[in-house]
Amino acid sequence: MDPESRLNLKPLLPPGRMVASDEGAGGVQPLWLSDGPVTAGLWERIHAEHPRSGLWPLLLDALDPGDDDFRPWGSGEIFPKRMSSAASHDPAGVLAQWWAMHTAVDDGMLSSERRLAVTAPFGQSWPGLAPGREAATSADQLAAEFAQAFLSDRPLSRLGLVAAASGAEALSVAGWDGPCNYDNDTAKFSAVVRDWEHRFGARVVAVGFSTLHLSVAAPPVNEEDALLVAAEHFAFCPDNVWQGRWPYTLAAYAERITDAHSWDFWWD
């Protein structure tokens, strides 16, 4: 990111610095990071400037928010050169491939019957994408409200700025590799999130070491659609179901995301 591109935001910004990726010696600086915690009001103002500045604001959480390294952001554990382009991936195809991979897992911990019960009623059959919905309220306003709620829970979060067309693209442009235990090309995840931006009015608000937090303007509101969205979430981040709240089933997870205006993901 060219630091000059943020000059029009300079009056709004707190002290901060450009962060260089620690991959190689190229000195790539994909991310601007504030030196300290920020407010939801600042995130909202910077977000409103995105159409003019081209900089997407992220609330950044850390592995240990009290650590001076503020990993992975302050420590430069970001890898933009590793990532492909989100535009080169078909989100439906990516989700179908991940679904096949995750439902085929045989780690000896569960019988085949119990493992298929986790993803019932679909079992190993990929059900396809959920239908999108028209948002009844402003996606950007919901994102601002979610930013406030997020900072209430994580007040040490810092502000990150990434030169990207959307929050989905900001994930891979910044070189975030939170889901690397499942796939080390974040652009694939960006492609899926970009599709969610269009289908569900999702907005990327916050990112942690291996967590992702979206506001959602048009979540599923009935059981059928919620099960399909739950299947997408399982393909995208199986730990949400495998290691989430009991019972560890797609049906239980679908109940939790019905009419929920935020989606949170974490990869173990």
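Biologist: Let us begin with a single residue. Is Ala202 buried or exposed?

Modeller: Please keep in mind that this is a predicted model. A residue counts as buried when its relative accessible area is under 20%. Ala202 has a relative accessible area of 1%, so it is buried. Its place is in strand β5.

Biologist: Which residues is Ala202 in contact with, leaving aside its neighbours within four places in sequence?

Modeller: Ala202 is in contact with Trp196, Glu197, Leu214, Ser215 and Val216.

Biologist: I turn to a helix. How many of the 15 residues of α7 are buried?

Modeller: The general idea comes before the case. An α-helix has 3.6 residues a turn, so residues three or four places apart point the same way. In α7, twelve of the 15 residues are buried, and the helix is therefore largely enclosed by the rest of the structure. Among the buried residues are Phe189, Val193, Trp196 and Phe200. The buried residues pack against α3, α6, β5, β6, α8 and β7.

Biologist: What length does α7 reach from its first C-alpha to its last?

Modeller: Helix α7 covers residues 186-200 and reaches 20 Å, close to the 21 Å expected at 1.5 Å a residue. The residue that follows α7 is Gly201, which has a positive phi, near 65 degrees.

Biologist: How should I read a polar side chain? Which side chain does His213 join in a polar contact?

Modeller: One asks where the residue sits, and then what its side chain reaches. His213 belongs to strand β6 and counts as buried at 4% relative accessibility. A polar contact of 2.7 Å joins its side chain to that of Asp264. Not counting residues up to four places away in sequence, His213 also touches others, including Phe146, Phe150, Arg154 and Trp263.

Biologist: Let us consider open spaces. What is the volume of the second largest pocket?

Modeller: The second largest pocket has a volume of about 310 Å³. It is lined by 15 residues, and the closest to its centre are Asn240, Arg245, Tyr253, Arg256 and Asp264. The elements giving two or more residues to this lining are β6, α10 and β7. β7 gives the most, with five residues. By class, the lining has six nonpolar, five polar and four charged residues.

Biologist: How many cavities of 30 Å³ or more does the structure hold?

Modeller: The structure holds one cavity of 30 Å³ or more. The space in the largest cavity is about 30 Å³. Its lining is formed by His102, Thr103, Arg115, Val118, Thr119, Phe234 and Trp242. Helices α3 and α4 are the elements that give two or more residues to this lining. Its residues divide into three nonpolar, three polar and one charged.

Conventions. Residues numbered from 1 in each chain as written. Predicted model: local features only at pLDDT ≥ 70, side-chain atom pairs only at ≥ 80, totals over all residues. Heavy atoms only, no water. 1 Å grid on protein atoms, 1.4 Å probe; cavity = no way out; pocket = protein on both sides within 12 Å on 5 of 7 lines; lining within 4 Å. Points joined across faces, edges and corners; volume = space filled by probe spheres on them. Helix = DSSP H or I, 4+ residues; strand = E, 2+ residues; numbered from the N terminus. Nonpolar A, V, L, I, M, F, W, Y, C, P; charged D, E, K, R; others polar. Expected span 1.5 Å × (residues − 1). Buried < 20%, exposed > 50% of the residue type's maximum accessible area, 1.4 Å probe, protein only. Contact = heavy atoms within 4.5 Å. Polar contact = N/O pair within 3.5 Å; in protein donor to acceptor, adjacent residues only side chain to side chain.
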